[in-house]
Amino acid sequence: MATDLLIVGAGFAGLCLLERARRMGWNTVLLEAADGVGGTWYHNRYPGARVDIQSLEYSFGFSEALQQEWQWSERYSAQPELLRYANHIADRFGLRDAIELNTRVDGAVFDEEQACWHVRSTDGRSWTTRFLAMATGPLSTPNRPSFKGLDRFAGPVLHTADWPREPVDFRDKHVAVIGTGSSGVQAIPILAREAQALTVFQRTPAYAVPARNGPLDPVFEQRVKADYPGFRARNRRMRVGFGAEYPPNREKAVEVDEARRQQMFEERWRYGGFSFLAAFSDVLTDPVANEMAAEFLRGKIREIVRDPRTAELLSPRHTVGCKRLCVDTGYYETFNRPNVELVDVGTQPIDEIVERGVVTGGRTYPCDVLVLATGFDAMTGTLTRLDVRGRGGRTIAQAWQDGPVNYLGLMVAGFPNLFNLVGPGSTSAFTTMTVAIEQHVDWIADCIAYLAEHGKRTIEPTPQAQTQWVQTVNEAADETLFLTCNSWYLGANVPGKPRVFMPYAAGFPTYAKQCADVAADGYRGCVLA
Ligand code: N01
């Protein structure tokens with residue numbers, strides 16, 4: 001039997017869309033490759049994994065009962081609690097009977113005559129569906145660099161985004177970590193405490209601001225819960241979908257005196273997290289203001305790290321915020337420990353991995369366990385690896401060979417009735433994920449309902465509307481400083497990937513309004529048939 005909607009992926013986005021589909025009364029199935037729900041929070045079980053947006057903001061608002069009953073224990077929840085939250089949603093809303101676990105989708109073909117999708121899984125099963133929603137996540141395909149000799153390494157090789165379920169015992173072990181992005185920055189302090197010795201291989205140093213994590217303040221929680229809808233609405237008006245409690249400072253760093261500048265940076269440093277980037281309104285747009293923020297952070301590194309050479313090596317030179325800012329707990333302090341060594345592989349890349357070590361700069365660094373904190377083939381990697389064929393048998397990989405193209409980040413020309421959630425061309429990771437997901441779920445649900453009301457079977461964007469949207473996304477990026485360094489936003493972390501800025505940087509309110517306007521205009525830019 002054909003379903004109305006087939007969702008791929010049981011992470012936060014897939015669960016949220018499934019809950020909505022249930023309320024809409026659609027016959028829906030959700031296919032998930034893993035043996036449990038939770039997506040990101042299922043796979044990223046590395047020590048120290050936790051959210052970098054405050055829990056009260058990184059949570060769903062679609063159900064008042066859910067947001068009232070759910071109790072976060074910390075200001076920034078750790079992975080086990082986020083995984084419990086995903087499972088609670090699946091149970092509380094009775095979603096499990098629509099979810100097929102251990103079912104890895106490997107392809108889908110659009111049937112032009114019947115106007116439906118035929119979806120198949122690696123174990124040979126197939127489904128037919130009117131609408132297909134890819135909730136496969138922007139950060140879900142691990143990036144595993146092809147280091148020479150990696151397969152010869154005698155010990156375990158663990159990727160942070162594909163971490164084993166069983167606890168890993170690091171006692172008496174010499175551990176090597178490659179990568180110092182958000183995942184490495186969270187894992188390194190814990191690994192340093194657990195392992196006998198830790199060697200960190202750093203290609204690019206990271207800017208990190210303390211999370212100031214701790215138990216959730218019950219007074220703050222009570223205040224939020226007294227008016228959760230208002231709290232959500234205020235956050236949706238923010239560029240990033242969060243932070244309304246501590247709004248951006250409207251002053252410009254370049255227009256205030258040195259004392260005021262230091263005072264504001266210091267206040268934000270003490271408050272913790274991403275609020276630092278909002279210390280002044282020009283930090284992310286004016287290179288001079290950005291360098292002031294950068295120098296403040298480098299000053300903190302010099303204060304914290306006792307060895308001046310290590311402090312210098314840890315001090316980034318690129319634009320702050322150009323790569324996602326890391327939110328840490330004790331990261332820089334870790335390099336004061338006698339059992340931790342920092343190795344620069346920015347100037348001298350890793351030559352090879354040998355049976356019991358990592359070789360760079362003519363020296364072999366011994367290790368028993370290798371941790372790859374090397375990130376993801378972000379935003380496009382999961383979809384382009386699937387054999388998804390639209391009109392004329394064209395695959396997504398072909399359509400995106402020069403970088404992702406789509407309309408509103410939601411639909412691709414030539415792929416009717418296919419929706420992509422929180423991927424390229426939308427604000428995605430530039431917004432707190434739950435806000436981005438709920439906006440996409442609302443839009444998709446309204447769109448499917450509109451088609452039914454108007455007796456239409458398919459929707460797809462016109463190539464012209466798509467080209468225009470890609471231009472809009474590029475123009476938004478051109479107004480920022482995001483193009484000034486090598487980040488996963490640009491695909492620069494994966495050798496050979498087209499260098500295209502993938503998320504939409506105009507801010508959540510602008511994006512949400514553009515999506516709403518398109519819908520209000522009867523899905524302007526789309527062909528409905
Ligand atoms: O990945 P990354 P991540 N040789 O790409 C290095 C989200 N997230 O998993 O910077 C040596 O940021 C690479 O070096 P360089 C968040 O959105 C959130 O840490 O490319 N090194 C870099 O240091 C985040 O932005 C949380 O020069 C190599 C590191 O590996 C996104 O996920 C927690 C290399 C990869 O950093 C990705 O974060 C974790 C090579 N060949 C993640 N290849 C929260 O807090 C790569 N590297 C919620």
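Trainee: Which residues of β8 are on one side, and which on the other?
Mentor: H174, A176 and I178 are on one side, V175 and V177 on the other, and all are buried, so both faces are covered. Buried means under 20% relative accessible area, with exposed over 50% and partly exposed in between (1.4 Å probe, protein chains only). In a regular strand the side chains alternate between the two faces of the sheet.

Trainee: What should I know about the model itself?
Mentor: It is predicted: local features need pLDDT of at least 70, side-chain atom pairs count only at pLDDT 80 or more, and totals for chains, interfaces and linings use all residues. Numbering starts from 1 along each chain as its sequence is written, and side-chain values use heavy atoms, leaving out hydrogens and water.

Trainee: Back to β8. What does it pair with?
Mentor: Strand β9, residues 197–202, in the parallel sense over 5 bridges. Strands are DSSP runs (E, at least two residues), as are helices (H or I, at least four), numbered from the N terminus. Two strands pair if DSSP finds at least two bridges between them.

Trainee: Which residue in β9 is the bridge partner of V177?
Mentor: V200.

Trainee: How far is S183 from an oxygen atom of the ligand?
Mentor: A polar side-chain atom of S183 lies 2.6 Å from a ligand oxygen. For S182, a backbone N or O atom lies 3.0 Å from one.

Methods. Polar contact = N/O pair within 3.5 Å; in protein donor to acceptor, adjacent residues only side chain to side chain.
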